[in-house]
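Hi,

Here is the structure I promised to pass on.

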Amino acid sequence: MTAGIAASAVLGGFAALLLSFVWVAAWSGFTLSVLWGWFVVPMFGLPALSVAQAYGFALVVRAAKGLDTRTEKNPDSFGAALGKAFVLAPIACGLFLLFGWVVKAWA
């Protein structure tokens with residue numbers, strides 16, 4: 001019986017990890033596509049980006065930047081780090097959109 005509980009806990013953790021990646025990707029792509037449309041399209045005449053294209057562009061930029069080579073350890077458990085990523089990413093994206101909207105309205 002305990003093997004079934006352990007397997008379901010691992011499966012649940014994997015599902016939560018996958019859901020958090022999808023959640024963060026959707027918010028990041030949406031935020032970048034909106035900000036791109038507000039600022040880059042009018043300034044440089046480049047085409048607008050869809051959410052998927054914006055997220056792909058963000059992945060390219062992250063890959064070009066390289067992996068983070070800091071050696072400091074994060075004291076958070078895996079669950080706590082996953083919870084932070086799941087909650088903080090939409091908040092950060094929302095703040096970027098808010099500040100971008102203010103700048104767009106101000107300009």
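Ser33 is in helix α1. Keep in mind that this is a predicted model.

I started with Ser33 because it is a polar residue that turned out to be buried, with a relative accessible area of 11%. The cut-off for buried is under 20%, so Ser33 qualifies. What does its side chain reach? The side chain of Ser33 gets to the backbone oxygen of Phe30, at 2.9 Å. If you set aside the neighbours within four places in sequence, Ser33 is also in contact with Leu49, Ser50, Val51 and Ala54.

Which residues line it? The lining is made up of Leu17, Ser20, Phe21, Val24, Ala25, Tyr55, Leu82, Ala85 and Ala89. Helix α1 (2–44) gives the most, with 5 residues, and α3 (78–106) also supplies at least two. By class, the lining has 8 nonpolar residues, 1 polar and no charged ones. Ser20 is the polar one.

Last, helix α2. Just after α2 comes Gly66, which takes a positive phi of about 90°.

That's what I have for now.

Cheers

How values were computed:
Residues are numbered from 1 along each chain as its sequence is written. This is a predicted model: local features need pLDDT of at least 70, side-chain atom pairs count only at pLDDT 80 or more; totals for chains, interfaces and linings use all residues. Side-chain values use heavy atoms; hydrogens and water are left out. On a 1 Å grid over the protein atoms alone, a cavity is a set of points where a 1.4 Å probe fits but cannot get out, and a pocket is an open set with protein on both sides within 12 Å along at least five of seven lines; lining residues have an atom within 4 Å of a point. Helices (H or I, at least four residues) and strands (E, at least two) are DSSP runs, numbered from the N terminus. Buried means under 20% relative accessible area, exposed over 50%, partly exposed in between (1.4 Å probe, protein chains only). A polar contact is a pair of N or O atoms within 3.5 Å; within protein, one must be able to donate a hydrogen and the other to accept it, and residues adjacent in sequence count only if both atoms are side-chain atoms. Contact means heavy atoms within 4.5 Å.
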